[in-house]
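Please look through the sequence and the structure below before reading the briefing that follows.

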Amino acid sequence: SAVVDVAIQDYVADVASELTYQNKSPVSTEVLFVFPLGPQMSIYSFQACSEDAKVQVMLQDEAQQLHEATESWENLEYLQDQSRYPGEVFACFLGTLSPGSELVVTLHYVQELPRELDGAARFVLPHTLHPYTKLNRRACALPSTMFFLAAWNCLSSQLPYSLLLTASLQSPRGVTNVQANCSLTPLIYTAQDRSTAQVSLAGSPPRQHDLELLVYFGDPSAVSAVVEKGNPEALPGSLLADPMVLVTLAPSIPEAVPGQHQSGEFIFLLDTTFLEHAQVPLQSRDQGIHTPHKCIPRPTCCVFPQDSLLFLLKSLPLGCYFNIYCYEAASVGIYPQSVEYTQDNLTKAIQHIPSTSSGLGDTNLLETLRSVYSTPRPRGHARQLFIFMTGLPSDKEAIAAEVCRHRNSHRCFSFCFSEDSAALARALARETGGETTYVSSNNSMTAVVLQCLKRALKPAAEVVSLSWTLPHGLEVEVLGGTPQTIFQGQHSLLYAQIHGQAQDTTVAKGVMTLQCSLDGQDVTHRIEFPLCSQGDGRLAGHRLAARSLLQRLLPEAVSGSGDEARHRAVEISLASGIICPFTSYVGIRTSLRVTRYQGKERPLALLAPCQSHIPCQIVVLRGSCKERLCYPVTIWVPPGWLTAVRDSWRALRRLTCGIAALPNRGACSKAYVLCSPIFGPRSTEAFAECQKLVALQTEDGSWALSSGLASVLEVDEAEIKRKMPGEVMEPSIWATVLAVTWLHRPDKCYQDYCELLEAKAVTWLCSQAVSQLDMCLEAANNLLGSSAKPNIFRL
């Protein structure tokens, strides 16, 4: 059974759960508790109690840990390949639970909640707290989180647990509604201004889905600030003692019209091993671009990265800035700094992209990032990095620290093509508010990166700054800094601590002023907030503030430039309960009673009396592509089985530890298959058909009337010129209408590849010859045998 109490303050959640487990099997069962750590989630309290013993998990400075406490940490490493879902989990080995015994686990964690497009805060109950089963004929998938190494009957009509869920909701904007995929009690307001409310689970939780709550506030696009009281027992002046201001920045940002001029700085960081298989040149010979001197035969089922780069560069909007870094042995960009997106700059950039890998050693992503960060950012242009990684760099910690140090100045879209680099790719995107994509098949890459570019083209609030007006004697420190950019559909959570004592206690309010630039216009938001501390004493904001501050301290502490940052990080981690790279979880066992049965000491329900420190740590699951199924039988684990498996695993690892160091001669990279009809043979054919057409498009979206275009359209060039309407004075208008019409041929779909390119072409046409488009379209349909409608030109 599970009792879960959720406290949600805007986009911050504090979850307190109490889980009761019973061993109803006739044999003892070894217990392993595994809890997945979702994005922006941190555990700050864990304990497990039986009738005989208690395990309390604490944080300790790694430098002060006892040897006997740390040498058993690797006992949990065998978990790394035990899940098909990669990611971090909190794992705690709790020993053996005897028949009929009961175990109570108490777990507390905090989490920043994602914001839906309509402004709702989205909360999902972790699988450990809601271990539903998915029925699938006569088999079902094992839960991704494992508590007992045992499974219940998957075809049972009743859930093998009970759940009691209560949610407390709070926002200065007011709580307006709560939606869920299960039955809830009516929303009860606990304040007259509807700033606080409560709701509970009514009936059974959903059986085959995650339990989700969507919490709606009074103004989804707004700026708000609320003060959370500190811990009166904390050391005065410390992080947990002083009040904390929870700031939500979600300014209203208007939509952008696709294809129009748009600001932004787009920097592409390419591992040059991407380019070694490319055969098709990035532009046609009609435009005088050099063709790679050596071509490797191209398999018909794949679309290689250089082709994806072509579509990316052609899809960029006018008005933006761009640059390309091909990192391996060098870290210099094609341009010293980002340049304006023009035809000349685009042509020069494409000419200087290497066609093959230099093969001079490890990738040099770290120095490349430092080169990027050292260049000035064009004012009013949000910086966004597209990072492509084929493998895991050796200096991954330094790379993550470097990105973290500059996380407020840019956003990363990271693409990984191997399981090894997935964790680093996720970290870079998470730290900067971007996205990460695991590309599991080459022929899906172009569509994937273009979808990411489409999201990256959303408008943003630029040049963001905050100022504060407080009573004399008080000052505000924004922990983690203020982001320079806020993108449409996103929000920023800031944690600002109030220091000092107010000299005028009659002033009960403070003022926060947000200034930013929207589409070149200065916008100001002025927010008043009460200085009286609020909150329920659970310190969710303080703990997440500690997490944010630890991220800021990480680069300096990891660099080893001094011990001050490390000592500060350890101090914050130990005080808040939020783990950092310099602290570790330690499980401490305490005996509650010792009972003897028939002259023999009964084994403690959790661990042997001599074991006071237990394996407990964060484990990174590598994941597996194999589906794990369970069948309608009950599986039980004999006593000592888990220990035997663990010991066997450790022995096998020692036996084979040298194999990984052997030369990997003749080895081939893994091939991944994306099981999706979207990227099947038809998609590959569509890509090949439109690739040459895209190569001929200029940066403004137009096409020139040329023999190359005639070849793509499969129409004689003289016939194209003869059929051009007489009213058209500019051949490029006729050529562009033909290209757009060709993209709309019956039974053809180029939406995945040409949506942004077509929008740019239509914008150019509408700015050049709106009155001529109807007659041009009619002539184009007759020439190409198509039936495109005027709405393709927004007419």
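How many strands form the open sheet, and in what order? Six strands form it, in the order β19-β18-β17-β20-β21-β22, with mixed pairing. The model is predicted, so that local features need pLDDT of at least 70 and side-chain atom pairs count only at pLDDT 80 or more, while totals for chains, interfaces and linings use all residues. Residues are numbered from 1 along each chain as its sequence is written, and side-chain values use heavy atoms, with hydrogens and water left out.

**The sheet**
- Strands (DSSP E runs of at least two residues) and helices (H or I runs of at least four) are numbered from the N terminus, and two strands pair if DSSP finds at least two bridges between them.
- The edge strands, each pairing on one side only, are β19 (339-340) and β22 (435-438).
- Strands β20 (residues 383-389) and β21 (residues 411-416) pair in the parallel sense over six bridges, and Phe-386 has Phe-413 in β21 as its bridge partner.

**The helix across β20, β21 and β22**
- Helix α6 (residues 422-432) lies across β20, β21 and β22 and runs at about 165 degrees to β21, where axes are lines fitted to C-alpha atoms, for helices over the stretch in contact, and angles run from 0 to 180 degrees between N-to-C directions.

**Thr-736**
- Thr-736 lies in helix α14 (residues 731-743) and is buried, with a relative accessible area of 0%; buried means under 20% with a 1.4 Å probe, protein chains only.
- Leaving aside neighbours within four places in sequence, Thr-736 is in contact (heavy atoms within 4.5 Å) with residues including Gly-701, Trp-703 and Trp-764.

Definitions and conventions:
Buried means under 20% relative accessible area, exposed over 50%, partly exposed in between (1.4 Å probe, protein chains only).
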